[in-house]
Amino acid sequence: MRLGHHLTIQNGHLHIGGHDCISLARQYGTPLYVTSEDRVCEQFLSYRKALSARYPKVQVLFAAKANGNLAVMRALARLGAGADIFSSGELTLALAAGMAPEKLLFNGSSKTPADLKLAVEKGVKVSVDSLDELHQLDAAARAAGTTAKIAFRVNPALEVPTHPKIATGLATSKFGIPHREIPAAYREALACSNILSVGIHCHIGSQILDVEPFARAAEVMVRIAKEITETGVNLEFIDLGGGLGIPYHHDTDPAPTPEDYAAKVVPVFKAGVEACGITPELWVEPGRSLTADSTVLLTRVNSTKAAHKRFANVDAGFNLLIRPAMYDAYHEVIVANKADRPLTTEYTVTGPICESGDILAPDRKLPQLEAGDIIAVLDAGAYGFAMSSQYNSRPRCPEVLVRGPDAALMRRGETVGDLTSTMEQPPWQR
Ligand code: PLP
């Protein structure tokens with residue numbers, strides 16, 4: 001199987017960033033998320049390099065929803081990353097990680113009054129998703145005696161080749177304002193006393209393995225940019241969103257790189273802004289392609305069973321990695337302590353959750369398994385821990401970060417005490 005250069009096989013063991021996964025599993029226990037900080041940084045820098053080689057004003061924002069660990073965000077912040085944030089929690093994390101407020105864009109189609117107030121107080125730009133929200137934000141900014149800087153989220157009505165649950169720019173999606181109504185929205189914003197329109201934003205979907213749709217989105221965006229520039233809006237940035245996919249099937253999926261993305265998208269963007277006579281910053285907000293392949297989820301085989309097929313029952317399920325259950329997503333798996341053994345036997349790797357759908361990896365050829373083996377689920381660094389839950393009252397597992405020769409916890413494992421710590425006893429039960 002093709003592996004990223006941060007994943008190697010030495011003495012039959014899978015290593016991540018030079019660290020033996022089996023030693024890490026022994027030290028920290030399983031299940032265990034392990035992330036290579038160097039890999040995350042490398043991906044970020046490749047985005048920035050590819051874009052800034054073609055256009056002088058570039059800002060790479062990390063989509064914080066993909067991986068909300070502060071240590072990951074801090075590593076990116078140190079490289080100058082901003083963030084696409086989708087909640088007050090993500091806003092707080094991004095600031096705590098050291099990201100500059102002016103590099104944050106508060107997205108989302110359903111923000112609360114508290115979200116808008118916090119964005120205004122912290123001087124964070126807001127991607128406005130409706131006219132109702134525009135007027136609420138105007139009022140929040142007025143109450144705070146300030147001006148809110150905004151972009152409108154454009155719904156470009158584009159079909160994209162991905163899972164329907166992660167296509168976000170379809171005409172029928174819940175996100176954004178239909179592209180034809182966008183110029184009117186900017187006119188309405190011009191009439192708001194405490195709103196300053198400085199950008200325009202879209203995001204067409206996630207896990208898109210073809211760069212062509214991004215170029216089509218850029219076309220829509222620069223066409224609208226021209227129209228709104230003519231009505232007097234001074235665009236400081238155009239945000240084309242995230243969405244570049246990763247090759248979850250290592251040997252067969254296309255593997256578009258930030259370089260491929262930039263080569264396709266930037267010429268369209270450049271020609272478009274030149275036609276407008278403006279030089280706004282080009283913003284992108286990748287999540288998955290920055291962090292997915294940096295991380296493995298290590299999970300122990302609790303038991304094997306030969307029924308109508310062979311099952312390997314492991315200690316991580318959709319409580320820790322929901323993508324297979326939610327999107328029928330594919331993740332490569334490697335038996336980390338038998339990584340050089342022949343793949344002789346077909347197993348379905350199943351989690352410990354009380355749901356038939358708790359299958360991490362169906363029908364995989366693996367070495368003969370026994371209890372105690374450690375399976376590494378690859379590409380688990382985006383929408384992995386971030387979408388985890390405590391379902392079946394299972395405390396979430398720890399996360400370890402490795403960088404160079406160092407390895408350390410970046411999140412301790414939860415305990416059963418953590419599960420009950422937020423629960424209250426209603427007075428009549430006392
Ligand atoms: N920006 C917005 C507004 C999003 O909703 C998302 C993901 O859903 C992203 C960026 C990141 O997408 P991806 O992780 O596919 O790069």
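Leaving aside its neighbours within four places in sequence, which residues is serine 294 in contact with? Contact here means heavy atoms within 4.5 Å, and the answer is His6, Ile16, Val34, Thr35, Ser36, Arg39 and Val40. Before going on, a word on the ground rules: this is a predicted model, where local features need pLDDT of at least 70, side-chain atom pairs count only at pLDDT 80 or more, and totals for chains, interfaces and linings use all residues. Residues are numbered from 1 along each chain as its sequence is written, and side-chain values use heavy atoms, with hydrogens and water left out.

Back to serine 294. You'll find this residue in the loop between helix H10 (288-291) and strand E14. The helices (H or I, at least four residues) and strands (E, at least two) are DSSP runs, numbered from the N terminus. Serine 294 has a relative accessible area of 0%, so it is buried. That word means under 20% relative accessible area, while exposed means over 50% and partly exposed is in between (1.4 Å probe, protein chains only).

Now hop over to histidine 201, in strand E11 (residues 195-201). Histidine 201 counts as buried because its relative accessibility is 0%. Its side chain makes a polar contact of 2.8 Å with the side chain of serine 127, and another of 3.2 Å with the side chain of asparagine 107. A polar contact is a pair of N or O atoms within 3.5 Å; within protein, one must be able to donate a hydrogen and the other to accept it, and residues adjacent in sequence count only if both atoms are side-chain atoms. Beyond four places in sequence, the residues in contact with histidine 201 include Phe152, Met221 and Asp239.

Met221 takes us to helix H8, as it is one of the buried residues there. H8 (residues 212-230) has 19 residues and reaches 28 Å from its first C-alpha to its last, close to the 27 Å expected. That expected span is 1.5 Å times one less than the number of residues. The buried residues of H8 also include Phe214, Val220 and Ile228. What covers them includes strand E9 (148-155), helix H7 (182-190), E11, strand E12 (237-239) and helix H9 (258-276). Just after H8, glycine 232 takes a positive phi of about 105°.

Just after H3, glycine 80 has a positive phi of about 100°.

Next, the ligand. Which of the 16 residues around the ligand come nearest? They are Ser206, Glu285, Gly287, Arg288 and Tyr383, where being near takes a heavy atom within 4 Å. A polar side-chain atom of serine 206 lies 2.3 Å from an oxygen atom of the ligand. For tyrosine 383, an N or O atom in the side chain is 2.6 Å from a ligand oxygen, and a polar backbone atom of arginine 288 is 2.7 Å from an oxygen atom of the ligand. Taken alone the ligand exposes 390 Å², and the protein buries 93% of that; these areas come from the Shrake-Rupley method with a 1.4 Å probe, and for residues only the protein chains shown count as cover.

Finally, look for charged partners. Side chains of opposite charge can pair when their charged atoms come close. A salt bridge is a side-chain nitrogen of Lys or Arg within 4 Å of a carboxyl oxygen of Asp or Glu, and by this rule the count comes to 15. In one of them, glutamate 259 meets arginine 54 (2.6 Å, N to O). Glutamate 259 lies in helix H9 and arginine 54 in the loop between helix H2 (37-52) and strand E5 (58-63), so the pair ties together parts 205 residues apart in sequence. Glutamate 259 counts as partly exposed, at 41% relative accessibility, and arginine 54 is partly exposed too, at 23%.

Another salt bridge joins the side chains of glutamate 212 and lysine 264 (3.1 Å, N to O). This one links helix H8 with helix H9, the two residues being 52 apart.
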